[in-house]
Amino acid sequence: MGVVSIIGCGFVADLYMRSLRAMEGLTVARVFDRDAERLARFCDYWNVPRAAGLDELLNAHPPDGIVLNLTNPASHFDVNMACLKAGCHVYSEKPLALDLDDAKTLCREAKAARLMLASAPCSVLGEAAQTMGYALRTGIAGTPRLIYAELDDGFVPQAAYRQWLSETGAPWPFEDEFRTGCTLEHAGYYLGWLISWFGSVRSVTAASAQTIPHKEGTGPFAPDFATATLFFENGPVTRLTCSIVAPHDHRIRIVGDKGVLSCNAAWDNGAKVRFAKRLTIRRRLLESPLPKRIRLPQPTHPKVARWGAAAMNFMLGPAEMLEALRDGRPSRLSSEFALHMTEVTLAIQNAGDMTGAQRMTTRCDPMEPMSWAM
Ligand SMILES: NC(=O)c1ccc[n+]([C@@H]2O[C@H](COP(=O)([O-])OP(=O)(O)OC[C@H]3O[C@@H](n4cnc5c(N)ncnc54)[C@H](O)[C@@H]3O)[C@@H](O)[C@H]2O)c1
């Protein structure tokens with residue numbers, strides 16, 4: 001199906017290789033990482049060719065291939081720009097860049113050079129997201145009125161993350177994750193689905209905070225909690241929450257006139273999509289306790305077994321781009337899509353406690369507990 005080159009072979013790169021091996025006809029031209037030891041371990045394990053430097057990788061990259069930028073977020077802009085300047089199509093891990101101006105610069109560069117530029121996540125192309133999209137289009141739940149999407153990962157600063165290793169032994173980069181922040185890292189998982197169904201977000205009312213200031217490693221750390229209300233140009237009002245504090249909850253619930261569509265997992269391509277019909281039984285209003293599973297009529301895509309928190313095929317995005325190139329059509333994962341997702345994500349992450357907030361003019365002290373509750 002096509003050729004990819006890989007820059008950065010840490011924790012997530014192993015998940016890409018597992019996905020690549022589950023797909024047919026995908027090969028690796030070259031791999032490069034600035035950490036020579038990591039590069040050697042990765043290339044030996046997966047039996048893929050290494051490049052001595054970024055230039056060697058870019059020179060050896062075929063024009064109809066895709067470069068995968070799997071470096072740390074702080075390197076994304078420079079690596080993405082270097083690939084575009086070298087005339088390569090790029091699929092970047094999220095975020096596209098750490099600020100909106102940089103993301104816009106990258107998109108301008110890609111457009112001017114007529115190159116594809118896309119960003120992860122690609123779970124929007126997976127079975128669960130596509131099944132929900134199908135359910136929405138076919139009106140199974142009636143008109144959608146409100147969406148709740150949760151990306152709470154549990155109290156991660158107390159997790160045994162030092163023991164989280166990738167297949168070739170790369171440690172989960174906790175310091176980098178805490179510095180980048182769970183919103184920049186994860187909001188895209190549901191934003192991608194939502195934007196693919198409804199198009200642009202018109203406005204965002206959001207707040208973010210650091211609820212656990214003392215994390216392991218060197219800060220400054222990003223907010224570990226964010227909540228947003230999204231107003232789409234053409235879609236239902238949506239509440240989106242991201243945290244590494246609240247108990248694990250990755251549900252998305254779409255409330256429609258006829259009932260509720262739901263999926264319990266954002267990071268599992270094969271997660272079940274269900275529809276619970278709304279019922280009135282005597283004086284009680286409820287959603288059916290026996291929701292119906294929604295299935296697509298046709299086979300979907302190769303699935304990848306769970307590794308750690310994810311059961312996702314990370315190659316669906318690059319494969320979509322390769323197919324688009326082969327067929328001479330635009331890729332579903334366009335640079336406009338990546339840029340809009342980045343803008344919305346940054347608006348949420350950077351909201352702090354002031355954006356759009358109404359300053360309260362009245363105040364009140366905490367209440368004295370009841371004597372029997374002391
Ligand atoms: N860790 C996860 O579970 C996970 C899941 C999905 C996506 N991601 C995303 O994947 C990206 C990488 O994360 P990771 O967990 O693999 O990090 P990591 O630190 O394990 O690996 C990143 C690798 O990139 C290399 N690198 C950094 N800058 C480079 C440069 N300029 N040139 C060459 N190599 C460079 C580093 O040496 C390192 O080996 C991030 O954007 C992250 O958001 C991570």
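Glu127, Ala128, Ala129, Thr131, Met132, Gly133, Ala135 and Leu136 are the buried residues of helix H6 in this predicted model. Helix H6 spans residues 127–137 and is mostly covered, with eight of its eleven residues buried. An α-helix has 3.6 residues a turn, so residues three or four places apart point the same way. Just after the helix, Gly139 adopts a positive phi of about 70 degrees.

E12 covers residues 273–281 and runs antiparallel to strand E13 (residues 284–287), to which four bridges join it. Within this pairing, Arg278 lies opposite Glu287 of E13. Two residues separate the strands of the hairpin, and Arg282 has a positive phi near 50 degrees there.

A further part of the model is an open sheet of five strands with parallel pairing, in the order E2-E1-E3-E4-E5. Its edges are formed by strand E2 (26–32) and strand E5 (117–119), each of which pairs on one side only. On average, neighbouring strands of this sheet are turned by 25 degrees against each other, direction ignored. Strands of a sheet pair through backbone hydrogen bonds, either parallel or antiparallel. In the parallel sense, strand E3 (residues 66–69) pairs with strand E4 (residues 89–92) over four bridges, and Leu68 has Tyr91 in E4 as its bridge partner.

Methods:
Residues numbered from 1 in each chain as written. Predicted model: local features only at pLDDT ≥ 70, side-chain atom pairs only at ≥ 80, totals over all residues. Heavy atoms only, no water. Pairing = 2+ DSSP bridges. Axes fitted to C-alpha atoms, helices over the stretch in contact; angles between N-to-C directions. Buried < 20%, exposed > 50% of the residue type's maximum accessible area, 1.4 Å probe, protein only.
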